[in-house]
Amino acid sequence: MSTDALESTQIITAPYGSEAAYQQLSARFADVFARIAEGAREREQNRVLPFEQVQWLKDAGFTTLRVPASHGGSPVNHEHLFRLLIELSAADSNVSHLLRSHFSFVETIALQPQEFQDRWFPRVLAGEIFGNAATERGGNALGSTNTKLIKTGSGWVLRGEKYYTTGSIFADWVVVMASTDGVEGRQYAVIDRHARGVQILDDWDGFGQPLTGTGTAIFTDVEVDEQNIIQRKVASTLEPAFFQLCLLSVLVGIGKAARNEAAHIVATRTRTFNTGSGALFKDDPQIQELVGRLASNVFAAESIVVAAARDLDAAVDPSLGLDEEAAFVRAELAVQQAHVATPKLVLDATSELFDVTGASAVSTSKSLDRFWRNARTVATHNPVAFKARSVGDYFINGTIPTGLHSIGEAKGAK
């Protein structure tokens, strides 16, 4: 991180967590977000990965925002981080999405022993970022992984292949989920992105979020420092809720970008229809209503996500005295309900974008479909039906939500 960035971290003078503090944070990053927004459409059209834009954020200190003060950081609360991620997502949802793994691992660092924190927080402050390699395309049993940590005569090595490795192609370090024969559960292995035996491919073929580096990662006898192997906790923590709320923030940012695009299209359009009022679109009450409904959906989605972020803050507020389970339930339940409600609001908004104009909106040169495609892609993460069932089970039967997520082959699958 540059000297200018280090100096810029000192400008937040308002009380921690206050609205005034957020306004100062927003102003601090407004210019870099605006620069990122300028070329977002062209980058998607030409599949140009945003390496430069990620570097701008690192230089601005954005990636350090959750490092504790005890380790030299100037931390923001959950609400303010997720509101900033919404703003960044409105500028370019690919860029915010690829940082999801980074911010989530910063949360993980804070849960580890002091020695681990002392080793990794300085790297975060120096601008280093983390990618993710957790999911495999198939063949692994649910709750396990085919990627293995293996003890050899000279130390530990990592072998395996992952997919959906969002952010890893941009990262300095990759957090790899693996199993060890004879060891219960799964582990994280933190490895150097550029280490021998690490291959990261840009082969994500999804129709949305194309620039997130969500492709294949191959690990061929990658040496792993034993100090960088940590057990994935089975106990209730806020990590799953945090990880999911990052995605919902991306989703809301896409909605805000679609709202802004709708307003711009209507405000600048001169063509109209004889079946309408004959007035400019910007003065037509029916078109105004359409934009108003679209904007209101986005407002509702953002309000839900911000409310869930406040529940994360409440869960870790020492003055509330919540035990581990109560803190987990407060955070997880809030985010699961947000997960059920938010996607439809944003998907409706990104679809309604086409109702405020004419057939010209479908021109590939305008790429207006990118808002729906990107929102649809983000919304596919963790099926809504399962979250809704979990929420219902809690309110009906008091069943604590599942905190350790995994994906794999179902029992009895052939």
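Reader: How many cavities of 30 Å³ or more does the structure hold?

Author: This is a predicted model, where local features need pLDDT of at least 70 and side-chain atom pairs count only at pLDDT 80 or more, while totals for chains, interfaces and linings use all residues. Residues are numbered from 1 along each chain as its sequence is written, and side-chain values use heavy atoms, with hydrogens and water left out. A cavity is a set of points on a 1 Å grid over the protein atoms alone where a 1.4 Å probe fits but cannot get out. The number of cavities of 30 Å³ or more is one.

Reader: Which element gives the largest share of the lining of the largest cavity?

Author: About 30 Å³ of space lies in the largest cavity (the space filled by probe spheres set on the points, which are joined across faces, edges and corners). Its lining (residues with an atom within 4 Å of a point) is made up of Gln244, Leu247, Leu248, Leu251, His339, Pro343, Val378, Ala379 and His381. Two or more of these residues come from each of H9, H11 and helix H12 (369–379) (helices are DSSP runs of H or I with at least four residues, numbered from the N terminus). The largest share, four residues, comes from H9.

Reader: And how many charged residues are in that cavity's lining?

Author: Here Ala, Val, Leu, Ile, Met, Phe, Trp, Tyr, Cys and Pro count as nonpolar, Asp, Glu, Lys and Arg as charged, and the others, Gly among them, as polar. The lining of the largest cavity divides into six nonpolar and three polar residues, and the number of charged ones is: none.

Reader: Now the helices: at what angle do the axes of H5 and H9 cross?

Author: An axis is a line fitted to C-alpha atoms over the stretch in contact, with angles running from 0 to 180 degrees between N-to-C directions. Helix H5 (residues 78–91) and helix H9 (residues 239–268) have axes that come within 7 Å and cross at roughly 40 degrees. H5 is therefore oblique to H9 (under 35 degrees is roughly parallel, over 145 roughly antiparallel, 65 to 115 roughly perpendicular and the rest oblique), given that angle of roughly 40 degrees.

Reader: How do H7 and H8 lie relative to each other?

Author: Their axes come within 9 Å and cross at roughly 150 degrees. H7 and H8 are therefore roughly antiparallel.

Reader: Which residues of H8 make the contact with H7?

Author: Contact means heavy atoms within 4.5 Å. On the H7 side are His102, Phe105, Val106, Ile109 and Ala110, and on the H8 side are Phe116, Gln117, Trp120, Phe121 and Val124.

Reader: Finally, how do H7 and H9 lie relative to each other?

Author: The axes of H7 and H9 come within 10 Å, and they cross at roughly 160 degrees. H7 and H9 are therefore roughly antiparallel.

Technical notes: 1 Å grid on protein atoms, 1.4 Å probe; cavity = no way out; pocket = protein on both sides within 12 Å on 5 of 7 lines; lining within 4 Å.
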